[in-house]
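Get your viewer open and your selection tool ready.

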Amino acid sequence: MNTIHKKILAGERIAADECLALYRSASLPALGVMANAVRERLNGKYVYFNRNVHIEPTNICANRCLFCSYRRDEGQEESWDLSLDEIFGIARQYVGSGITEVHIVGGVHPRRTLNFYEEMVSGVRRILPGVHVKAFTAEELWRMAQQAGLPVGEALARLKTCGLQSIPGGGAEILDDDVRAQICPDKVGTQEWLEVHQSAHAQGIVSNATMLYGHVETYEHRVKHLQRLRDLQDKTGGFNAFIPLKYFKKNNRLSSAGEVSAVEELRNMAICRIFLDNIRHIKAYWAMCGKAMAQLALSFGADDMDGTIDDSTKIYSMAGADDKSPKMTVDELCAMARQSGFIPVERDSLYHAIKQY
Ligand code: V47
């Protein structure tokens with residue numbers, strides 16, 4: 001442990017077996033010191049956030065992931081399926097609001113076409129011209145391309161022409177096909193998920209990556225997941241941020257797996273920060289982990305708090321996240337950062353500073 005600690009403090013990369021050793025035996029305070037050293041090297045004392053809103057076009061989904069509390073069949077109670085006009089109506093509500101990003105993700109709708117999503121992106125960009133559109137997980141993109149009979153790179157190129165600027169990190173779950181077979185058997189495999197991101201990066205579309213952890217996976221699986229992301233990032237440099245997502249057990253079919261403790265959540269945050277030395281930002285997604293946990297995470301490697309969100313997402317509240325109407329003001333986000341001894345910075349979607357508070 002001493003050697004690993006020294007390596008990290010010296011700014012050296014740790015290997016997969018060292019990462020596993022951290023998962024197995026490092027204490028929370030020791031991990032905090034190591035993760036904070038990496039965090040300060042990469043991001044100083046800054047805590048980033050943006051002014052953003054989510055649009056979730058549908059929760060109708062062809063996939064049946066066991067951890068999902070959100071998906072419904074077509075026509076089922078609690079399903080929704082927004083038309084383009086309804087989506088544009090949501091976008092219009094934010095004209096002049098100061099938001100800088102629209103994050104669009106939803107279910108894999110069995111009948112929507114690539115053309116529908118192209119119109120969606122073009123329309124949102126027309127209504128909110130200066131606003132960055134971060135849209136569609138690798139899973140959604142793979143299925144859109146399949147539906148259109150195109151290689152995913154071509155589907156991405158078409159969406160980019162319509163105004164798609166980056167892609168969010170969802171759908172990664174655990175990048176190991178044995179785990180995927182257990183928790184998301186209908187989803188694309190590890191290689192396909194990585195291929196979508198690699199192809200996006202090659203076209204100048206940056207992206208994020210997530211890890212859904214704390215269900216059936218082992219520490220070895222988590223390390224494998226992180227290694228795959230670090231390897232791709234060494235090749236492309238296209239990942240902006242990594243977002244660990246603790247599994248929430250309410251209203252889904254994996255609930256017998258339980259939920260990890262707050263200590264494990266912080267340990268995981270710190271280890272991800274330490275291992276992913278080439279992904280600059282680690283996000284504590286407060287709408288999911290809760291405001292108190294997000295604030296604590298800032299001392300365990302996280303430097304980004306996502307954004308204001310404005311009560312625009314349901315994925316997590318349906319899975320049992322505490323905050324049923326997730327929104328935060330800029331003042332609240334700044335106070336959270338300051339209370340922990342950090343400097344709040346409003347950023348754009350590419351992490352350029354807009355304003356230091
Ligand atoms: O891929 C679904 C996760 C993800 C549950 O890129 C669950 O900036 C926990 O990727 N318990 C979608 N997690 C959300 C996502 C995201 C969120 C915020 C920011 C960004 C970004 C991306 O949510 C899914 C899945 O891994 N998820 N159900 C659940 N029960």
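Select Asp 303 and Ile 282 to begin: a polar atom of the Asp 303 side chain sits 2.9 Å from the backbone nitrogen of Ile 282. A polar contact here is a pair of N or O atoms within 3.5 Å; within protein, one must be able to donate a hydrogen and the other to accept it, and residues adjacent in sequence count only if both atoms are side-chain atoms. Bear in mind that this is a predicted model, where local features need pLDDT of at least 70 and side-chain atom pairs count only at pLDDT 80 or more, while totals for chains, interfaces and linings use all residues. Residues are numbered from 1 along each chain as its sequence is written, and side-chain values use heavy atoms, with hydrogens and water left out.

Stay on Asp 303. You'll find Asp 303 in the loop between helix H13 (291-297) and strand S9 (304-307); helices (H or I, at least four residues) and strands (E, at least two) are DSSP runs, numbered from the N terminus. Asp 303 counts as buried because its relative accessibility is 0%. The cut-offs are under 20% relative accessible area for buried, over 50% for exposed, and partly exposed in between (1.4 Å probe, protein chains only).

Now show what touches Asp 303. Leaving out residues up to four places away in sequence, the contacts (heavy atoms within 4.5 Å) include Arg 39, Asn 43, Tyr 46, Arg 273, Arg 280 and His 281.

Next stop, Thr 58, in the loop between S2 and H4. With 4% relative accessibility, Thr 58 counts as buried. Its side chain reaches the backbone nitrogen of Ile 60 at 2.9 Å. Among the residues Thr 58 touches, not counting those up to four places away in sequence, are Tyr 70, Trp 80, Asp 81 and His 109.

Move on to helix H4, residues 84-93, and colour its buried residues: Leu 84, Ile 87, Phe 88 and Ala 91. They sit on the same side of H4, because they cover an arc of only 95 degrees around the axis (the arc is that of the directions from the helix axis to the C-beta atoms). What covers the buried residues includes strand S2 (52-55) and helix H5 (114-127).

Compare helix H7, residues 152-162. Its buried residues are Val 152, Ala 155, Leu 156, Leu 159 and Cys 162. These fall within an arc of 115 degrees seen down the axis, so they line one face of H7. Helices H5, H6 and H9 (190-202) are among what covers them. Just after H7, click on Gly 163, which takes a positive phi of about 125 degrees.

On a 1 Å grid over the protein atoms alone, a cavity is a set of points where a 1.4 Å probe fits but cannot get out, and a pocket is an open set with protein on both sides within 12 Å along at least five of seven lines; lining residues have an atom within 4 Å of a point. Grid points are joined across faces, edges and corners, and a volume is the space filled by probe spheres set on the points.

The largest pocket holds about 230 Å³ of space. Of its 13 lining residues, select the closest to the centre: His 54, Ile 55, Glu 56, Ile 90 and Ser 312. S2 gives the most to this lining, with three residues.

How many cavities of 30 Å³ or more are there? The count comes to four. In the largest, with about 710 Å³ of space, 40 residues form the lining, and Gly 170, Gly 171, Glu 173, Ile 315 and Tyr 316 lie nearest the centre. Strand S7 (239-246) gives the most to the lining of the largest cavity, with three residues.

Finish at the second largest cavity, about 100 Å³. Its lining includes Tyr 213, Leu 266, Met 269, Met 288 and Met 293.
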